[in-house]
Amino acid sequence: MVLTTQTSPNGLPPDHDSNGPSGGSPDAQGGNPFRTMPHNTDAEKSLLGAIFVNNRAYESVSEFLKPEHFAYPQHGRIFEACAKLIERGQIADPIVLKRYFEADENLSDIGGPAYLTELAKSAVTVINAGEYGNLIYDLFLKRELIALGEDVVNEAYGGEVEETATSQIEKAEQSLYDLATSGDYEGGFKAFRESVIAAIEMATVAHNRGGGLAGVGSGFKDMDSLLGGMHPSDLLILAGRPSMGKTALATNIAYNASKDYYESEGREGAVVGFFSLEMSSEQLASRILSEQSNISSDRMRKGELASEEFNRLSAASNTLHQIPIFIDDTPALTVSALRTRARRLKRQHNLGLIVVDYLQLIAGSSTSRNDGRVQEVSEITRGLKTLAKELEVPVLALSQLSRAVEQREPPRPQLSDLRESGSIEQDSDVVMFIYREEYYLERKKPSHRADEDEIKFEDRTRKWEDAKAKVANLADVIVAKQRHGPIADIKLHFNGAFTRFSDLDFQHDPDQ
């Protein structure tokens, strides 16, 4: 089955106006009604006439109306010619355009240059030009929506074997979204007064919260103090080498934000959408259970729990199942699919924070893959930044670092270590690195050299143990870039057994 839409032989809608799919008349053979594509000839003629009479009418529609939005291609060509003349500072009227279209055979189909004079007689006032432009664009969207619906139906009937219904739905959702946002023209200049009012409102919200946060809290005092929370529309990058604890810290932040949201009944914190492209949802849940119950995730996995520990685990799970964290562990998601699922979660559950683990596992489009990995990562980071602005939520994306960091001494990360693309640094609002010196010292344990006596070996071992004791369970979160404030290092306590980060207390052991 293939759907088709009735048009005239030359590709134009039949010669009458419609503000929507009209009820039709029966055709000669089968008696089946046909419907014309939505269009309004009078609106198109009136708008073009208004532009001829007063070129200022073009200003009211120039930001959103394009030649392809006209139902009649000839009208689109006339509008395009007007736009070129006006933007060059020339006058666009029937006299000037007559010479422009003298050799245009397509225009002869509707009356040639004389038709331009007819359009001028159809003029409306400049005041009404914007409304006619909106009507023309709205009818264009309806025609596109009809075509999109036909494509969805036809693909569902004859889709490829490997293309599942779910992937077709996601593709249709993306197409609908692209259509819905293709005519957004609410941008442009804003009066400074409006921007000041918005800034004051943001500061008022932060002041009323008491904690001074302008965004979603991470649950870590020093981090929230430095960043002021994770701001809506921001892309935050959390990067580090393997085994530094990226996923653990991201999981801690996600849990803290969702727990605050649950306990404050939506006044603080956020509903969290966690895209885990590396670990399964069960593994992430096990990490959170381990963190909250003080039970080693390794012993949980191996089934080595005593009865008392298992009861403690069950009690913790009864509380955790009410925390608003939603996990999507689909591997190799594209930015497009990730955006579709995030929008759905925003509609259904008021999504307030997105976590992506991790950036390099997102699949790029086929075009960017052909252009190389750097271009692919650039597309991914731009897509994540666009998603943050579109949904007005912070996006926390984890990222790997190149091996170059380990060639330095000490191997503290810096912005140039961001793997595969400088666009990660460029598109992000905040870049943070995790660095645990203890991890590297553990791998430098002294070994007894053949030409070394016992005293020297013991002395080296003692120095190594002293150095290791000074950095035991310490982690540095290096804020290397922040658009909203200063950069600094944040000290956190890290407990590897429970995959848990916590605020550092120099006077008390956080595990007691």
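Helices (H or I, at least four residues) and strands (E, at least two) are DSSP runs, numbered from the N terminus. The model is a predicted one, in which local features need pLDDT of at least 70 and side-chain atom pairs count only at pLDDT 80 or more, while totals for chains, interfaces and linings use all residues. Residues are numbered from 1 along each chain as its sequence is written, and side-chain values use heavy atoms, with hydrogens and water left out.

**The sheet**

- An open sheet of mixed pairing is formed by 9 strands in the order E3-E2-E4-E5-E1-E6-E7-E8-E9, where two strands pair if DSSP finds at least two bridges between them.
- Strand E3 (325-328) and strand E9 (500-503) stand at the edges with a single partner strand each, so one side of each has no neighbour in the sheet.
- On average, and with direction ignored, neighbouring strands of this sheet are turned by 25° against each other; axes are lines fitted to C-alpha atoms, for helices over the stretch in contact, and angles run from 0 to 180 degrees between N-to-C directions.
- Strands E6 (residues 430-435) and E7 (residues 474-482) pair in the antiparallel sense over 6 bridges, and valine 479 in E7 is the bridge partner of methionine 432.

**Helices on the sheet**

- Helix H11 (residues 281-293) packs on the sheet, where it touches strand E2 (271-276), E3 and E9, and its direction makes about 145° with that of E3; contact here means heavy atoms within 4.5 Å.
- Helix H14 (residues 335-349) also packs on the sheet, touching E2, E3 and strand E4 (351-357), with its direction at about 150° to that of E4.

**Strand E1**

- Of the 6 residues of strand E1 (residues 235-240), 6 are buried, so the strand is largely enclosed by the rest of the structure; buried means under 20% relative accessible area, exposed over 50%, and partly exposed in between (1.4 Å probe, protein chains only).
- Leu235, Ile237 and Ala239 point one way from E1, whereas Leu236, Leu238 and Gly240 point the other way, and all are buried.
- E1 runs parallel to strand E5 (residues 395-400), to which 6 bridges join it, and leucine 235 has valine 395 of E5 as its bridge partner.
- E1 also runs parallel to E6, with 4 bridges joining the two, and leucine 238 has methionine 432 of E6 as its bridge partner.

**The pair H11 and H13**

- H11 and helix H13 (residues 307-320) pack at an angle of about 115°, with their axes 9 Å apart.
- H11 and H13 are therefore roughly perpendicular to each other, given that angles under 35 degrees count as roughly parallel, over 145 as roughly antiparallel, 65 to 115 as roughly perpendicular and the rest as oblique.
- The contact is made by Ile288, Leu289, Gln292 and Ser293 of H11 together with Arg312, Leu313, Ala316, Ser317 and Leu320 of H13.

**Loops and backbone details**

- Serine 233, in the loop between helix H9 (221-227) and E1, has a positive phi of about 75° although it is not a glycine.
- Serine 243, in the loop between E1 and helix H10 (246-263), likewise has a positive phi, near 75°, and it is partly exposed at a relative accessible area of 48%.
- In the loop between E5 and helix H17 (423-427), arginine 403 has its place, and at 64% relative accessibility arginine 403 counts as exposed.
- Proline 410 lies in the loop between E5 and H17, and a cis peptide bond with omega of about -5° joins glutamate 409 to proline 410.
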